[in-house]
Amino acid sequence: YNYIDSLFEQTEAIEELLISGGEVFLNIPALQYIICELRCRSIPLYRLSVTTNGLIEPQIIEPVLKEYHEYIAACRATTQNRHRPNNPDEPIIMFEVSYDHFHHINSYQKTMSKYITALSHLARVTINANGLIPKRLGNAAMQLQEEDTIYCIPKIRKQIAILDSQH
């Protein structure tokens, strides 16, 4: 964990901690180490965004998310974020579940439903469909527009919205 320690030695506060990768919850000890070090060093954290592949069951994830939720809520209550005022409507944790060509829509809907049911009291559970955005090459590489995302996943967004409204 030397890399984490090195970063924290240079950190006064963290507006948003983004954690992504393969399946981040395969290394829960590292996530626990991070939150423990934030507490021990009194480094305020104001928001957590995490992206998962959806492989790990929510009951395994929930305890570590609860630790982050409690710490961030305490930081928001006792310290002021110099870069952005605390907004009580802003979620403490953004929990994104990856959706791309590796995930079949039927199993993905079950996964999303499971996470929404189990974790919505701690996090805003959303879809991350960046893997479906068309790849632009050459001169078109800089022309990626928001409508590309919307065009690629309208059916999925509608299905996820239905799942959201059911919980």
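## Basis of the model

The structure is a predicted model, in which local features need pLDDT of at least 70 and side-chain atom pairs count only at pLDDT 80 or more, while totals for chains, interfaces and linings use all residues. Residues are numbered from 1 along each chain as its sequence is written, and side-chain values use heavy atoms, with hydrogens and water left out.

## The chain as a whole

The chain contains six helices and four strands; these are DSSP runs numbered from the N terminus, with helices being H or I of at least four residues and strands being E of at least two. Along the sequence the pattern is α-β-α-β-α-β-α-β-α-α.

Of the 167 residues in the chain, 43% are buried, where buried means under 20% relative accessible area, exposed means over 50%, and partly exposed lies in between (1.4 Å probe, protein chains only). A contact is defined by heavy atoms within 4.5 Å. Among contacts between residues at least 6 apart in sequence, 79% join residues at least 24 apart.

## Helix α2

Helix α2 covers residues 28-40. Its 13 residues reach 18 Å from the first C-alpha to the last, close to the 18 Å expected at 1.5 Å a residue; the expected span is 1.5 Å times one less than the number of residues.

The buried residues of α2 are Ile28, Ala30, Leu31, Ile34, Ile35, Glu37 and Leu38. Their cover includes α1, β1 (17-19) and α3. In general, an α-helix has 3.6 residues a turn, so residues three or four places apart point the same way.

## Packing of α2 against α3

The axes of α2 and α3 (residues 58-78) come within 11 Å and cross at roughly 15°. This angle makes α2 roughly parallel to α3. Axes are lines fitted to C-alpha atoms, for helices over the stretch in contact, and angles run from 0 to 180 degrees between N-to-C directions. Angles under 35 degrees count as roughly parallel, over 145 as roughly antiparallel, 65 to 115 as roughly perpendicular and the rest as oblique.

From α2, the residues Ile28, Leu31, Gln32, Ile34, Ile35, Leu38 and Arg39 meet Ile60, Val64, Glu67, Tyr68, Glu70 and Tyr71 of α3. By class, this contact of α2 with α3 has nine nonpolar, one polar and three charged residues. Here Ala, Val, Leu, Ile, Met, Phe, Trp, Tyr, Cys and Pro count as nonpolar, Asp, Glu, Lys and Arg as charged, and the others, Gly among them, as polar.

## Packing of α1 against α2

Helix α1 (residues 2-9) and α2 have axes that come within 11 Å and cross at roughly 30°. That angle makes α1 roughly parallel to α2. Ile4, Asp5 and Phe8 of α1 form the contact with Tyr33, Ile34, Glu37 and Leu38 of α2. The classes in the contact of α1 with α2 are five nonpolar, no polar and two charged residues.

## Two single residues

Leu65 lies in helix α3 and is buried, with a relative accessible area of 1%. Not counting residues up to four places away in sequence, Leu65 touches Phe25, Leu48, Ile93, Phe95, Leu119 and Leu122. Leu65 and Leu119 are 54 residues apart in sequence and 8.6 Å apart in space, C-alpha to C-alpha.

Ser42 lies in the loop between α2 and β2 (48-52) and is exposed, with a relative accessible area of 58%. Most residues other than glycine have a negative phi. Ser42, although not a glycine, has a positive phi of about 55°.
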